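This report covers selected helices, nonpolar cores and aromatic pairs. Please keep the sequence and the model at hand while reading.

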Amino acid sequence: MKINRVENWLHHIILIIIAFLFILPLLWMFIASIDPNAIQSVKIPENFSLQNYFEVLSDKTVQRSYFIGFILSLGQSVIVVILSVLAAYPLSRYRTKHKKSFMYTILFLTSLPMSAVIVPVFQMFLAFKFIDKIWAVMLFLVGTSLPYAIWMMKNFMDSVPIELEESAWIDGATVFEGLKQVVSPLMIPGIFTVLIFTYTGSWGNFFVPYILIQSPEKMPASVTIFQFFGNYGLVDYGRLAAFSVVYSLPVVILYSISQKFMSKGFSFGGASKG
């Protein structure tokens, strides 16, 4: 009994330490954002002010970067969801000779580090004059996100009974109509999972836009955060914290909205085999 109690206390202590390490940066971010004289360490502000937020939100460069980041992330997420559903359907429903090897190839592609492919991609962008093209960067991000999205979507689609589609086929529905009207509505939690995963990955992606976009006015918010780091190590910590808070809001809002869909799980209520 004593050994079990000691183990429980040890587990709780470890979890508390981990939670503290995660909470401390967030605590600094919120406190520093309302502190006119924010510093690198956590301290209680002498005067609370929203001036940092006003300065960040009124900055035309920040506004433009947020809009570009939103378009880039949303466009990538929607394209990835559509393509992954279409690609996962034959992998889930049809038996093909090379399906297992194809799935292993997809799994391998998910493990490729971005630093290993960015150099040839940069050369390709130069050759085709895609540098500074936001749509080209979006398509490249779609390609990097698609393998893992297909793998995830295929697993979600496997959970939908094929008997439901067969009932729709008997009623005269085509394969595409069955996918649209039967399979997709039952995969709402999976679709939102892939959407959130893709959006958050794109929204926080610094490396790819930094390399493939050269014009400062076309940089997304994930890159323009550098404007708060001045020369000689000078940093405007208050505005940096306010920018970080606002920068985190889209992902938090998206996750909150999607919870009502994701919490339902896969519901087959009301569906019956004809």
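What covers the buried residues of H5? The model is a predicted one, and in it the cover of these residues includes helix H6 (134-158) and helix H10 (207-212). The buried residues of H5 are Ile118, Val121 and Phe125. An α-helix has 3.6 residues a turn, so residues three or four places apart point the same way.

Helix H5 spans residues 114-127. Its 14 residues reach 20 Å from the first C-alpha to the last, close to the 20 Å expected at 1.5 Å a residue. There is a bend of about 25 degrees in H5 at Pro120. Just after H5, Lys129 has a positive phi of about 55 degrees.

**Aromatic pairs**

In the whole structure, 14 aromatic pairs are found. Two of the pairs are listed here.

| Ring pair | Centre distance | Plane angle | Class |
|---|---|---|---|
| Phe128 and Phe130 | 5.7 Å | 20 degrees | stacked |
| Phe130 and Trp135 | 5.2 Å | 70 degrees | edge-to-face |

Planes under 30 degrees apart count as stacked, so the pair of Phe128 and Phe130, at 20 degrees, is stacked. Planes over 60 degrees apart count as edge-to-face, and the pair of Phe130 and Trp135, at 70 degrees, is therefore edge-to-face. Phe128 is exposed, with a relative accessible area of 55%. Phe130 is partly exposed at 24% relative accessibility, and Trp135 is partly exposed with a relative accessible area of 46%. Elsewhere, ring pairs link Tyr66, Tyr199, Trp203, Phe243 and Tyr247 into a cluster.

**Nonpolar cores**

The largest nonpolar core holds 28 residues. Those that touch the most other members are Val80, Met153, Met157, Leu179, Val183, Met187 and Val194. At least two residues of this core come from each of H3, helix H4 (99-110), H6, helix H7 (162-170), helix H8 (175-186) and helix H9 (188-203). H6 gives the most, with 8 residues. Not counting residues up to four places away in sequence, Leu179 touches Val85, Leu86, Tyr89, Met157 and Ser184. A second, separate core has 19 residues, among them Trp28, Ala242, Phe243 and Val245.

**Ser65 in helix H3**

Ser65 lies in helix H3 (residues 60-93). Is Ser65 buried or exposed? Buried means under 20% relative accessible area; Ser65 has 1% relative accessibility and therefore counts as buried. A polar atom of the Ser65 side chain lies 2.7 Å from the backbone oxygen of Val62. Leaving aside neighbours within four places in sequence, Ser65 is in contact with Met219, Pro220, Ala221 and Thr224.

Conventions
Residues numbered from 1 in each chain as written. Predicted model: local features only at pLDDT ≥ 70, side-chain atom pairs only at ≥ 80, totals over all residues. Heavy atoms only, no water. Helix = DSSP H or I, 4+ residues; strand = E, 2+ residues; numbered from the N terminus. Buried < 20%, exposed > 50% of the residue type's maximum accessible area, 1.4 Å probe, protein only. Polar contact = N/O pair within 3.5 Å; in protein donor to acceptor, adjacent residues only side chain to side chain. Contact = heavy atoms within 4.5 Å. Expected span 1.5 Å × (residues − 1). Bend = angle between axes of the 7 residues up to and from the residue. Core = buried A, V, L, I, M, F, W, Y, C linked by side-chain atoms within 4.5 Å. Phe/Tyr/Trp six-rings, centres within 6.5 Å; stacked < 30°, edge-to-face > 60°.
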